[in-house]
Amino acid sequence: MENGAVGAAGTRLAGQGRVDFEAFRDLTRERRDGAADSVTAATDLMSRIANLAAFVIAFLIPATAILAYRRIAKNQLRLAEVQLDARLDAERDLVRAKDEFVASISHELRTPLTSIYGFSELLIEEGLIDPEYSMELITMINDQSAELHRMVEDLLTSARHEAGTITLAPRLIDLTSELTTGVQHVTSREVAFDAAGVAWCDAGRLQHIVRNLLANAERYGGDQIRLYTEQRGDFTEIVVDDNGAGVPADKEVRLFTRYVHEGEDPLTVGSIGLGLAVVRILAETMGGTARYERTDGWSRFIIALPASEAAAGAAQHSNEVIGSLAPHVAAARRTPVSDPYAEGITDEVA
């Protein structure tokens, strides 16, 4: 009987265990399915987020690139407009400068031509009845012809400089005889003369320099003119000075610039604005320098030329070194290098 009771109890326990197991299984299955659904939902959400992010990225990158391109294009357009305006302004300034130059040179060339024509007409009409009067007219014709010749030479020299075709025949020049000849052929005024030494240069170009400097001093300077030389190292300085009022401070920086012609402005009126510019062009072409300074009431125009062939070669090398540099660097170095007496010239050239 006890065995039957134990069996019945076992049967009931087994049945209850099965029920509990199935209930637990169903609960576990339900939770598993819920977790799976949650995972699936999370996966779907992440997929949608990823797709949305990919879409946003795919949209924003081209949009940003387009906006950046538009901004760059707009800036480039503005830059092009500014550059075009600058070029147009430069062209207008160039045309205006050319017109002013043509008007100026036409007027200045007309002056000696009118004198030459008028004096020659008088000689033709009156003949050589009065030798003294005739000689006076002939002298005037000669003076005006010399002035006309100087203007034409300045124009040709400037044009050849632009084309790089200035020719030289340098040799060792005795400055005493060469400058004496120059003074006699350029001005009838008394010039205090004290020139000596030698220079390695082209004799014709040297005469052109002296002619322009003496004409400048005679036209714009004082009543006293001096021409003398000074030796400084490997260079000989040729100085033409006068006791005139000098150059206004604001004009000194442009004194050797071509085509400086400003109506009543001293040192430019009555000229085509090339004389002093040609002086510098020729001096530098021959390995020298040209400068202006005001000292003790005298306006000094100083031309430094090599005193030997070796000095000329060294100066030419210095100019080539400067010419090979970038423009802004060359501009910064040109003053100490081109001045043969500047302190530390050897270091600058090297």
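Predicted model: local features only at pLDDT ≥ 70, side-chain atom pairs only at ≥ 80, totals over all residues.
User: Why are H2 and H4 called oblique to each other?

Analyst: Helix H2 (residues 131-163) and helix H4 (residues 203-220) pack at about 125°, with axes 11 Å apart. Roughly perpendicular covers 65 to 115 degrees and roughly antiparallel starts over 145, with the rest counted as oblique. So H2 and H4 are oblique, and their crossing is left-handed.

User: What makes up the contact of H2 with H4, by residue class?

Analyst: On the H2 side you've got Glu-147, His-149, Arg-150, Glu-153, Asp-154 and Thr-157, meeting Arg-205, His-208, Arg-211, Asn-212, Ala-215 and Arg-219 in H4. That splits into one nonpolar, four polar and seven charged.

User: And why does oblique also apply to H2 and H6?

Analyst: H2 and helix H6 (residues 275-285) pack at about 50°, their axes 10 Å apart. Roughly parallel needs an angle under 35 degrees and roughly perpendicular needs 65 to 115. The pair H2 and H6 is therefore oblique, and this crossing is left-handed. Asp-154, Thr-157 and His-161 in H2 meet Gly-275, Val-278, Ile-281 and Leu-282 in H6; the classes here are three nonpolar, three polar and one charged.

User: How do you know which strands stand at the edges of the sheet?

Analyst: Go by the order, which is E2-E4-E5-E7-E6 in an open, mixed sheet of five strands. Strand E2 (191-194) and strand E6 (289-295) each have a single partner strand, so one side of each lacks a neighbour in the sheet. The twist averages 20° from one strand to the next. E6 pairs with E7 (residues 298-306) in the antiparallel sense over seven bridges, with Tyr-292 opposite Phe-301 in E7.

User: What makes E5 largely enclosed?

Analyst: Buried means under 20% relative accessible area. Eight of the eight residues of E5 (residues 235-242) are buried, so the rest of the structure largely encloses this strand. Both faces are covered: Phe-235, Glu-237, Val-239 and Asp-241 lie on one side, with Thr-236, Ile-238, Val-240 and Asp-242 on the other.

User: How do you know that E4 and E5 pair, and what joins E5 to E7?

Analyst: Pairing takes at least two bridges. Strand E4 (residues 225-232) has eight bridges to E5, running antiparallel, and Tyr-228 has Val-239 as its bridge partner. E4 and E5 form a hairpin with two residues between them, where Gly-233 in the turn has a positive phi of about 60°. E5 and E7 are likewise antiparallel, joined by eight bridges, and Val-239 stands opposite Ile-302 in E7.

Technical notes: Residues numbered from 1 in each chain as written. Heavy atoms only, no water. Helix = DSSP H or I, 4+ residues; strand = E, 2+ residues; numbered from the N terminus. Axes fitted to C-alpha atoms, helices over the stretch in contact; angles between N-to-C directions. Left-handed = near helix turned anticlockwise from the far one by under 90°. Contact = heavy atoms within 4.5 Å. Nonpolar A, V, L, I, M, F, W, Y, C, P; charged D, E, K, R; others polar. Buried < 20%, exposed > 50% of the residue type's maximum accessible area, 1.4 Å probe, protein only.
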